[in-house]
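This report describes one protein model, from its overall make-up down to single residues. Please keep the sequence and the coordinates at hand while reading.

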Amino acid sequence: MRVTTGLSFDRSVRYMQESNSRLETLNRQYNTGAKFAVASENPIGMGTKLRLDSEIASYQQYSVNAGLASDQLSLEETALSSIYESMLHAVTSMQAGVNGTYDQANFNTVAQDLEEVRDMLFDLMNTKTAGGEYIFSGNQSLIPAFSKTSDGEFICNADGGQRQVKVSPSVTMTTSDSALSVFEKAQLCRTATAGTSGVSVAYDNSDVFNSFVNGYYDVYQNNDLNIAVTGNTYTVTGRGGTVLQNGTVSDKGVINFRGMEITMDSGVNSAVISLDPPANDNVLNTLSSIIDVLRDDSVSAYDKGQMLRMGQVSLNSAKENVNLTLGRVGSRLSNIDAVISSNNALSDIKTEVRANECEVDVYEVVSELLQEQNALNVARQTFSSIHGSTLFDYIH
C-alpha cells in the first residue's frame, strides 16, 4: 500500500486551482474577445487600450461633427444657389425694361415681377435649419437675418460672426456665412453729381461708368472732374489737371464720358462733376427702390430706364457677392469630404492597433481552451484515482 504525502496532495490541488484560473481566463477572453480585463493583468496594455479608446472616440465625434457641418453647408449652398438664380432673373427682367418702348403698363409688369423676386429673396435669406436656427444670422442664430420695418425698409439683423466646428484634431471648419457680409454690403451703382448750375448728369452705360469710378475714385484725394468747352469741343480733366478725354460736343449739347451723358445748357462753358462716395445696401432695398420708381406715373420712361440700368449694376454686384460665397461653401464641402475620409482611415488604423494590442485571436483561444479543459479533466481524474484509493486504503 502507497500513501500519498501531503506535499504531493498540495501540489495536485494547486495545479488544479491554477488550471481552473487559466480556464476561467480563457473563457473570459473567448466571451469578451479581450486579452485582459483589469490593469493588474497587463498595466502597459491597459494604458495603451485606454489611450486608443479615447482617440477612436474622438475620431467618431469628429465624424459626427463633420456630418453636421456638411448638412448645414449643403443647406446654405442650396439657399445661395436659389438666391443667385433669383437675382439673375431680376437682372434679366430689368434688361427688358430699358429698350425704350415700354409704357406704364409694361413698367408695372416689371415692377410686379421684381416684387415677387424681392419677396422670394427675403424668404431665402431667412432660411432656417431643421432646428429652427437662421443660417445667415451669424451668431444671432435665433433672430431672422432680415426683418421688414413698418415703412417697408429691410433691415439686416445679423452680426458678422461665423459659426465653426472642429472636424479633426487640426481642422476647424466654418459652417455658416453672415448676411452682413454676403447680402448687406453689396455695392450700389456708382453715381456722380453736377456741381454747376445748368448741368445735368445721366448714364448711357452704367457698367462702363461704374468700372471707371471704381478704378479712379480715391477716398483720400479730390474726386472732381472738370469740363471746359470751347466752341463745340470739350476737355475733361481730373486731379492734378490730368487730361482724361477730349472730344466734340454732340448736336444736342451732350458730352459722353466713360458711360456718362453730361448735358450743359447753352452758354455754360465749364462744369464740375463730383464722383459720389461709394454706397452699400442690401438687394432687398435696392429692388424696393426700383419698384417704387417703376410704379410712379410722374417719373418719365427715360428716368425709369436710367433707374433700371443702375439697378442692373447694383444687382450684378450683389449677385457676384453671392457667387463668391457659393465658391467658398463648395470648397468647404470638398474639404469636409476629405476630412471625413481621413478621419475614417485614421479611426480604422487606431482600431486595428487596438485589436492587435488588446484583443485575442479567437481561434487561438479556442485551441488553448480545449487543451486546458482536457488537461484539467485528466488532472481531476488522476487526482480522484490516486488520492481517493490511497485515502480509502489508509482508513482501512
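## Basis of the values

This is a predicted model, in which local features need pLDDT of at least 70 and side-chain atom pairs count only at pLDDT 80 or more, while totals for chains, interfaces and linings use all residues. Residues are numbered from 1 along each chain as its sequence is written, and side-chain values use heavy atoms, with hydrogens and water left out.

## Whole protein

The protein contains eight helices and 14 strands. Both kinds of element are DSSP runs numbered from the N terminus: helices are H or I with at least four residues, strands are E with at least two. Of the 396 residues, 38% are buried. Buried means under 20% relative accessible area, exposed means over 50%, and partly exposed lies in between (1.4 Å probe, protein chains only).

Among contacts with a separation of 6 or more, 67% link residues 24 or more positions apart. A contact means heavy atoms within 4.5 Å.

## Helix α3 and R118

Helix α3 spans residues 104–125, 22 residues in total, and reaches 31 Å from its first C-alpha to its last, close to the expected 32 Å. The expected span is 1.5 Å times one less than the number of residues. The buried residues in α3 are F107, V110, A111, L114, V117, R118, L121, L124 and M125. They lie on the same side of α3 because they cover an arc of only 140° around the axis; the arc is that of the directions from the helix axis to the C-beta atoms. An α-helix has 3.6 residues a turn, so residues three or four places apart point the same way. T109 and D123 are exposed, on the face of α3 turned away from its buried side. At the start of the helix, a side-chain oxygen of D103 comes to within 3.2 Å of the backbone nitrogen of A105.

R118 belongs to α3 and counts as buried because its relative accessibility is 8%. Its side chain forms a polar contact of 3.3 Å with the side chain of D119 and another, of 3.0 Å, with the side chain of S288. A polar contact is a pair of N or O atoms within 3.5 Å; within protein, one must be able to donate a hydrogen and the other to accept it, and residues adjacent in sequence count only if both atoms are side-chain atoms. Beyond neighbours within four places in sequence, R118 is in contact with K148, F154, L284, L287, S288 and I291.

## Helix α6

Helix α6 covers residues 283–295, with 13 residues and a reach of 18 Å from first to last C-alpha, close to the 18 Å expected. Its buried residues are V283, L284, N285, T286, L287, S288, I290, I291 and L294. At the start of α6, a side-chain oxygen of N282 reaches to within 3.0 Å of the backbone nitrogen of L284.

## Hairpins

Strand β8 (residues 224–230) pairs with β9 in the antiparallel sense over five bridges. Two strands pair if DSSP finds at least two bridges between them. I227 stands opposite V236 in β9. Two residues separate the strands of this hairpin, and G231 has a positive phi near 65°.

Strand β9 (residues 233–237) also pairs with β10 (residues 243–248), antiparallel and over five bridges. T235 has N246 in β10 as its bridge partner, and T237 stands opposite V243. This hairpin has five residues between its strands, and G240 takes a positive phi near 75°.

Strands β3 (residues 164–168) and β4 (residues 171–174) run antiparallel and are joined by four bridges. Q164 is bridged to T174 in β4, and the hairpin connects the strands through two residues.

R258 lies in the loop between β11 (254–257) and β12 (260–264). Its phi is near 45°, a positive value in a residue other than glycine. Most residues other than glycine have a negative phi. R258 counts as partly exposed because its relative accessibility is 32%.

Q312 is in helix α7 (residues 301–358) and counts as buried, at 12% relative accessibility. Not counting residues up to four places away in sequence, Q312 touches V91, M94, Q95 and V98.
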